[in-house]
Amino acid sequence: MSENHVTLGRSVVPERYTLELEPNLKTFRFKGKVTIKAHAKAGTKAIRLNAKDLRIEGARVKAGNAEQRATVTMNKKQQEITLKLQKPVAGEISIMIRYQGANTDSLDGFYRSSYTYKKKKGYILVTQFEPADARKALPCFDEPEFKAVYDVSLTIDKDLDAISNTEIKEASTAKNGKKTVTFHTSPKMSSYLLFLAVGKFEYLKGRYRNVTVRVVTTPGKIQYGKFALGVGKNSLQFYERYFGIRYPLKKLDLIAAPDFAVGAMENWGAILFRETELLCDSDNASKVSRQHISETIAHEIAHQWFGDLVTMKWWDDTWLNESFASIMAFRALDSIYPKWKIMEQFPLDSREGTDLAMSADQLKDTHPISMPVRGVENIEDSFDRISYAKGSNVLVMLEDYVGPDVYRDGLHLYLKKHAYSNATKSDLWTAIDAAARHKRRRVKALEVARAWVEREGYPIVSAYRTEHVLHVSQSRYTLTERKAAGRETWPVPVKYTADTGAQGSLLLQSTDHDVKIEGTRWVKLNYGQRGFYRVKYVDDLLDELGNAILSGKINGVDAWGIENDLFALVRSGRLRMRKYLKFVFRYCMDVKYPANMSISEHLGWLHTMGYNQRYLGWVDKISHEYHVGMLKKLGWRRNKSESTIDSMLRARAIAALVRLDHKPTAKRLAEMFKAFNKKRNAVDPDLISVMFASTAWNGKGREYKKLAKMYEKEEVPEIKMRLLASLGYFRDQKLVSRVLEYSRSSKVRLQNSYAIPMIVSANPANNAIMLKWTMKNWSRFMKLYTPGTKMLSGFVKELAINNDSASKAAFAKFFGNSKNRRPDLERPIRQTLEIIDANIRFVGKNTDK
């Protein structure tokens with residue numbers, strides 16, 4: 001735990017909450033009464049709790065048989081109330097508070113969400129308390145270390161349903177048209193995991209063992225929950241087997257909310273999802289959508305152990321929750337659906353992948369996986385790519401280093417020792433070290449784990465060979481330095497393989513090390529790509545590796561490592577672009593996954609950076625040949641037995657050709673669009689997104705009206721989001737301004753309002769429009785997107801595509817004004833400037849082709 005973090009202290013520690021709420025779905029106000037049984041230190045005369053946007057009507061404190069009224073003072077800045085007492089209390093006490101609050105549309109706290117069913121608008125109430133918004137629903141000790149049990153009852157209209165973490169204990173009906181729904185006592189848990197929902201719901205039920213598993217939706221959408229139900233049951237079974245600990249509740253709800261800022265939230269026994277993260281047409285959904293939904297569900301169910309059963313002590317160890325859930329989702333799906341080959345996709349995964357993690361951690365303005373979090377205003381910093389993606393990748397490296405059996409045994413020890421309690425980073429690696437010692441493994445688990453979790457950044461390992469020796473050295477890799485940023489060292493688990501078949505491993509702890517090799521033409525470092533570091537090869541060794549890729553002697557994942565590290569050297573200005581393009585053209589035009597997907601993405605980035613630059617023609621010529629070849633190999637029609645990977649590659653190749661204005665591709669997609677409007681299942685579900693995008697990319701006002709109308713009428717969540725995103729692909733500048741304004745209209749839910757700007761910003765022709773539009777609307781965005789939604793920073797990051805000095809100056813001036821900043825934006829602003837700097841340098845280095 002951070003030494004200087006701001007908390008409530010431990011003079012009063014909660015043990016049990018009895019929460020009584022009476023929400024009103026007409027006025028969107030709620031009445032509340034909470035009784036907190038707690039333990040107070042001797043001499044306590046002031047009790048501090050968290051509360052935000054609540055009107056406190058009265059508070060009393062009881063110790064033994066003596067009860068006294070408390071004077072309540074509020075500190076809005078600290079989001080606290082203090083109960084001041086006339087007489088000190090000690091030992092077991094009861095804190096009783098009556099209050100009122102509002103169900104706003106802020107997407108955090110106890111908020112309202114709207115839906116339309118049979119042309120009538122309805123509302124549900126749901127909660128999103130992570131990281132620190134339980135205080136908007138009840139006065140509480142709103143910190144993860146304060147675990148307690150919860151007894152919840154909701155008094156609601158008799159025609160409504162109520163949902164909480166546990167199953168319903170009883171429901172009693174009153175004469176005034178109300179009923180009180182009481183739930184069984186929850187497990188001991190942190191306040192941010194408490195869940196409440198009220199409204200009209202539909203249910204799809206199943207069972208795993210003695211656990212009732214339900215998909216819950218608003219009226220009219222339950223038919224889209226069938227696929228999710230199966231994933232939920234299968235995930236529960238996998239995790240029970242893997243962790244060796246049974247899921248402790250009697251029910252697990254997977255709940256779809258029409259309005260939800262984040263993808264999903266792991267409330268114990270009542271997981272909340274965006275509709276697009278849970279629901280799909282099981283007969284017609286794309287493979288990509290099925291996999292995305294499965295990954296989200298598996299991630300959240302993993303949290304029922306990592307995060308709910310065992311919770312980090314403070315927010316500096318958010319990664320203990322998120323990193324494990326991220327990698328465990330892949331482990332689960334690899335076991336449940338082996339034909340998906342999902343572990344092969346991990347390096348390029350858009351949420352947790354290695355490439356994503358390295359891109360985030362290559363910035364000078366990064367942070368350690370375990371980062372200091374002082375107070376509530378800084379918590380959002382810990383929910384980023386470092387905590388999720390880098391953390392999960394470091395866990396992969398650690399597992400590979402100590403061995404899967406040691407790693408798994410360590411997790412068992414960790415979970416069993418800290419169940420229903422809290423843990424810190426040291427608790428985890430102590431458990432893994434204990435498992436290693438038990439199996440007499442000579443590994444430095446403590447040293448490796450501590451170094452990678454507590455330090456920011458990662459190394460680049462340089463390699464060159466002599467006749468008998470491979471010389472390797474390490475230094476820190478950063479995006480904005482052409483030379484090594486410093487002679488920092490990490491304990492790097494290095495695996496290698498050679499053309500002779502020789503393989504080996506070492507723990508590189510110093511800056512330099514020599515590996516004895518005999519009679520090899522090439523040596524490939526980071527064999528299997530489980531290490532979190534980049535590799536730079538000297539030219540002759542790089543060419544030998546290229547020939548090995550060309551001849552098929554190096555597999556797709558190791559070919560990806562070579563290609564991706566070479567591109568990173570170009571991206572950071574250490575090498576010129578021509579070196580990368582020549583390498584791809586000479587050795588990688590027919591390479592396997594994930595290298596082929598990575599090359600496609602990198603050619604796309606070079607196309608973006610090449611807008612209005614002399615070298616664009618050279619990039620596009622190679623990209624055209626590469627993607628035409630990829631599509632020719634895959635064909636336009638999918639095979640029933642083909643993998644999700646092939647479906648993704650086909651869509652990727654077609655999308656690239658659309659951007660390159662490949663007329664035969666645009667023509668075929670136009671024909672598909674006509675067929676789709678006549679018969680929906682006439683089009684491959686995995687090509688629907690690129691079909692919509694092409695319609696906009698090559699369209700004008702008529703196509704805009706058509707796509708917007710289709711979006712507004714669509715009911716299937718997956719198709720609706722794809723239609724919305726497609727509006728961002730129009731190129732006519734007047735239409736671009738029009739669609740940006742559409743994203744702010746009542747037609748688009750707040751949670752989805754980023755979708756169009758995100759696509760618009762990816763087209764470099766829109767840089768000036770996007771920057772001007774963002775600045776124009778910024779004051780509104782500051783009010784609309786609260787820190788709890790975790791959304792506003794996305795509008796800053798979208799501007800990182802800029803690559804000219806004028807845009808950089810405008811960005812820096814605008815965000816240099818303190819009124820345009822707030823704590824959750826400080827790091828994204830600095831990082832965006834750093835990326836724009838790197839873009840400018842890249843363009844400057846390569847303008848002569």
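Select Phe676 and Phe692. Both are buried, meaning under 20% relative accessible area, where over 50% is exposed and in between is partly exposed (1.4 Å probe, protein chains only). This is a predicted model, in which local features need pLDDT of at least 70 and side-chain atom pairs count only at pLDDT 80 or more, while totals for chains, interfaces and linings use all residues. Residues are numbered from 1 along each chain as its sequence is written, and side-chain values use heavy atoms, with hydrogens and water left out.

**The aromatic pairs**

Stay on the two rings. A pair of aromatic rings is described by the distance of the centres and the angle of the planes. Phe676 and Phe692 form an edge-to-face pair, 5.5 Å centre to centre with 85 degrees between the planes. Rings of Phe, Tyr and Trp (its six-membered ring) pair if their centres lie within 6.5 Å; planes under 30 degrees apart are stacked, over 60 edge-to-face, and the rest tilted. By this rule there are 42 aromatic pairs.

Now colour helix H16 (residues 663-678) and helix H17 (residues 688-697). Phe676 lies in H16 and Phe692 in H17, so the pair ties together parts that are 16 residues apart in sequence. Helices here are DSSP runs (H or I, at least four residues), numbered from the N terminus.

Next, select Phe781 and Tyr785. Their pair is also edge-to-face: 5.7 Å centre to centre, 65 degrees between the planes. Phe781 and Tyr785 are both buried.

Then pick a cluster linked by ring pairs: Phe238, Tyr239, Tyr242, Phe243, Tyr247, Trp305, Phe306, Phe324 and Tyr414.

**H15 against H17**

Show helix H15 (residues 644-659) with H17. Their axes come within 10 Å and cross at roughly 5 degrees. Axes are lines fitted to C-alpha atoms, for helices over the stretch in contact; angles run from 0 to 180 degrees between N-to-C directions. That makes H15 roughly parallel to H17. Under 35 degrees is roughly parallel, over 145 roughly antiparallel, 65 to 115 roughly perpendicular, and the rest oblique.

Select the contact residues (heavy atoms within 4.5 Å). Ala651, Ile654, Ala655, Val658 and Arg659 in H15 meet Val690, Ser694 and Trp697 in H17.

**H5 against H6**

Move to helix H5 (residues 354-361) and helix H6 (residues 385-402). They pack at about 125 degrees, with axes 8 Å apart. That makes H5 oblique to H6. Finish on the contact: Thr354, Leu356, Ala357, Ala360 and Asp361 in H5 meet Arg385, Ile386, Ala389, Lys390 and Asn393 in H6.

Terms used:
Helix = DSSP H or I, 4+ residues; strand = E, 2+ residues; numbered from the N terminus.
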